[in-house]
Amino acid sequence: MRAAIRISALSEAGVIYVMTHDSIGLGEDGPTHQPIEHLASFRAMPNILMLRPADGNETAGAYRVAVLNRKRPSILALSRQKLPNLPGTSIEGVEKGGYIISDNSSGNKPDVILISTGSELEIAFKAGEELRKEGKAVRVVSFVSWELFDDQSDAYKESVLPAAVTARVSIEAGSTFGWQKLIGSKGKAIGIDHFGASAPAGKIYKEFGLTVEAVIAAAKEVS
């Protein structure tokens, strides 16, 4: 569908593309069915909203954004696996592209910022909870849409990703291409820069290092 999606972006047609099975989480169908570079490639396409919601709240928000954007087509990348509604997610937050879902820091100075999208936001959220038990000030950011975040004011961007905080970790079940833009040269991107494999979602996430433990280790490394 890539060619048709590109034409809709070029034509400023507000088409809503609802895509599912958005990662290695789809399981045993294996690498022929598992998206790796797709998210990054559509983020690179002009005049497209690439939305990867993490739960029901964010999916509702993503659909609202898609309906309101009549001259920008939207892609909703939805997971196959079951996901809980996370504390802190919201319809309103999605409209900003990236927003804070949990934070125990003060003065806009967290020790580390964990950034994630879609099904991996739950992993980042749990990692944040564990790090706080060890005394860390942790901010967890849901980054549903890079394009919508780019549209926000500099002041808003600074309130979510303060320039002074270079300790950043991203986690997404896809290519890490492009994440340096958000995490900087001192941050760490957890993702998949190779093709997938045939295995149950839980097992393949562990094999590829998309775990709470991996996020905690990366957070300690950068901070």
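## Exercise 1: The second largest pocket

The second largest pocket is lined by Gln-81, Leu-83, Ser-119, Glu-120, Glu-122, Ile-123, Ala-201, Gly-202, Tyr-205, Lys-206, Leu-210 and Thr-211. Which elements give two or more residues to this lining, and how do its residues divide into nonpolar, polar and charged?

**Solution.** 
- Step 1. H5 and helix H9 (201–207) are the elements that give two or more residues to the lining of the second largest pocket. Helices (H or I, at least four residues) and strands (E, at least two) are DSSP runs, numbered from the N terminus.
- Step 2. H9 gives the most, with four residues.
- Step 3. The lining of the second largest pocket splits into five nonpolar, four polar and three charged residues. Here Ala, Val, Leu, Ile, Met, Phe, Trp, Tyr, Cys and Pro count as nonpolar, Asp, Glu, Lys and Arg as charged, and the others, Gly among them, as polar.
- Step 4. The volume of the second largest pocket is about 180 Å³. A volume is the space filled by probe spheres set on the grid points, which are joined across faces, edges and corners. A pocket is, on a 1 Å grid over the protein atoms alone, an open set of points where a 1.4 Å probe fits, with protein on both sides within 12 Å along at least five of seven lines; lining residues have an atom within 4 Å of a point.

Before going on, note that this is a predicted model, in which local features need pLDDT of at least 70, side-chain atom pairs count only at pLDDT 80 or more, and totals for chains, interfaces and linings use all residues. Residues are numbered from 1 along each chain as its sequence is written, and side-chain values use heavy atoms, with hydrogens and water left out.

## Exercise 2: Helix H5

Find which residues of H5 are buried, and compare the reach of H5 with the expected span.

**Solution.** 
- Step 1. H5 covers residues 121–133, which is 13 residues.
- Step 2. From first C-alpha to last, H5 reaches 19 Å, close to the 18 Å expected at 1.5 Å a residue. The expected span is 1.5 Å times one less than the number of residues.
- Step 3. Leu-121, Ile-123, Ala-124, Phe-125, Ala-127, Gly-128 and Leu-131 are buried in H5. Buried means under 20% relative accessible area, exposed over 50%, partly exposed in between (1.4 Å probe, protein chains only).
- Step 4. After H5 comes Gly-135, with a positive phi near 95°.

## Exercise 3: The largest pocket

Which element gives the most to the lining of the largest pocket?

**Solution.** 
- Step 1. The largest pocket holds about 310 Å³ of space.
- Step 2. Its lining has 16 residues, and Met-19, Pro-35, His-38, Phe-42 and Ile-75 lie nearest the centre.
- Step 3. Helix H1 (2–10), helix H2 (38–43) and strand E3 (74–77) each supply at least two lining residues.
- Step 4. H2 gives the most, with four residues.

## Exercise 4: The faces of H1

Which residues of H1 are buried, and which exposed residues does the face turned away carry?

**Solution.** 
- Step 1. Ile-5, Ser-8 and Ala-9 are the buried residues of H1.
- Step 2. Down the axis of H1, these fall within an arc of 100°, so they line one face of the helix. The arc is that of the directions from the helix axis to the C-beta atoms.
- Step 3. The face turned away from the buried side carries the exposed residues Ala-3, Arg-6 and Leu-10.
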